Amino acid sequence: MSIDTLNWKILKCLQQNARQSNAQIGRQVGISSPAVSERIKKMEDSGIIEDYHTTVSYFEAGYQLKAIITLRAFMGKLKPFLEKVKTYDEVLNCYRITGNENIVMVVILKHQKHLEAFIDQLIVYGESKTQIVLSDVVKNGYIKPLK
């Protein structure tokens with residue numbers, strides 16, 4: 001399915017606020033609520049729209065630290081780690097990447113001791129590097145039309 005100009009407008013509305021009604025979106029993009037609904041359904045069915053979710057403030061939920069951790073897996077430890085990482089509650093996102101490191105994770109932690117304990121769990125899988133996030137400069141940026 002191709003994404004035409006109208007679908008991009010609908011996607012922009014949904015990325016700004018996925019809870020707004022189809023009628024509200026329709027008023028913004030200039031089509032009827034049923035037409036918006038039909039277009040959204042087609043984009044969901046084709047996989048363009050993958051999911052809807054709620055963003056929770058990690059800080060307000062009681063976590064004091066957000067960190068980015070890279071891991072360079074030891075020989076033979078990458079595949080076991082790829083399974084283990086799915087069980088860590090601290091991991092918000094995990095990416096397998098190219099370059100010197102194999103993995104990048106975004107994690108949230110209660111405090112410094114929690115960070116230390118988490119890093120201790122990683123030691124058996126490889127060498128890690130940790131950066132503490134000070135603030136979000138761009139957070140959940142919108143996907144825009146290709147130029």
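User: Lys66: buried or exposed?

Analyst: Lys66 is buried, with a relative accessible area of 14%. Buried means under 20% relative accessible area, exposed means over 50%, and partly exposed is in between (1.4 Å probe, protein chains only).

User: What am I looking at, and how are things counted?

Analyst: This is a predicted model, in which local features need pLDDT of at least 70 and side-chain atom pairs count only at pLDDT 80 or more, while totals for chains, interfaces and linings use all residues. Residues are numbered from 1 along each chain as its sequence is written, and side-chain values use heavy atoms, with hydrogens and water left out.

User: Back to Lys66. Where does it lie?

Analyst: Lys66 lies in strand E1. Helices (H or I, at least four residues) and strands (E, at least two) are DSSP runs numbered from the N terminus.

User: And what does the side chain of Lys66 make a polar contact with?

Analyst: With the side chain of Asp136, at 3.5 Å. A polar contact is a pair of N or O atoms within 3.5 Å; within protein, one must be able to donate a hydrogen and the other to accept it, and residues adjacent in sequence count only if both atoms are side-chain atoms. Lys66 also touches residues including Tyr58, Val107 and Ile132, leaving aside those up to four places away in sequence. Contact means heavy atoms within 4.5 Å.

User: Zooming out, how many helices and strands does the chain have?

Analyst: Five helices and four strands. From the N terminus on, they run α-α-α-β-α-β-β-α-β.

User: What does the C-alpha trace span?

Analyst: About 55 × 35 × 25 Å along its principal axes. The radius of gyration is 20 Å, whereas a compact globule of 147 residues would have one near 15 Å. That radius is taken over C-alpha atoms, and the globule rule is 2.2 Å times the number of residues to the power 0.38. Of the 147 residues, 29% count as buried.

User: Which residues have the most contacts inside the largest nonpolar core?

Analyst: The core has 18 residues, and those with the most contacts inside it are Ile69, Phe81, Tyr88, Met105, Val107, Phe118 and Leu122. Strand E1 (65-73), helix H4 (78-84), strand E3 (103-109) and helix H5 (112-122) each supply at least two of its residues. E1 gives the most, with five. A nonpolar core is a set of buried Ala, Val, Leu, Ile, Met, Phe, Trp, Tyr and Cys residues joined through side-chain atoms within 4.5 Å. A second, separate core of 12 residues includes Trp8, Ile10, Leu11 and Val29.

User: How many aromatic pairs turn up in the whole structure?

Analyst: Two. Rings of Phe, Tyr and Trp (its six-membered ring) pair if their centres lie within 6.5 Å; planes under 30 degrees apart count as stacked, over 60 as edge-to-face and the rest as tilted. Phe81 and Tyr125 are edge-to-face, 5.4 Å centre to centre with 65 degrees between the planes. Phe81 is in helix H4 and Tyr125 in the loop between H5 and strand E4 (126-132), so the pair ties together parts 44 residues apart in sequence. Phe81 is buried at 0% relative accessible area, and Tyr125 is buried at 13%.

User: What about Tyr88 and Phe118?

Analyst: They are also an edge-to-face pair, 5.2 Å centre to centre and with 75 degrees between the planes. Tyr88 is in the loop between H4 and strand E2 (91-96), Phe118 in helix H5, 30 residues apart. Tyr88 counts as buried at 7% relative accessibility, and Phe118 is buried at 0%.
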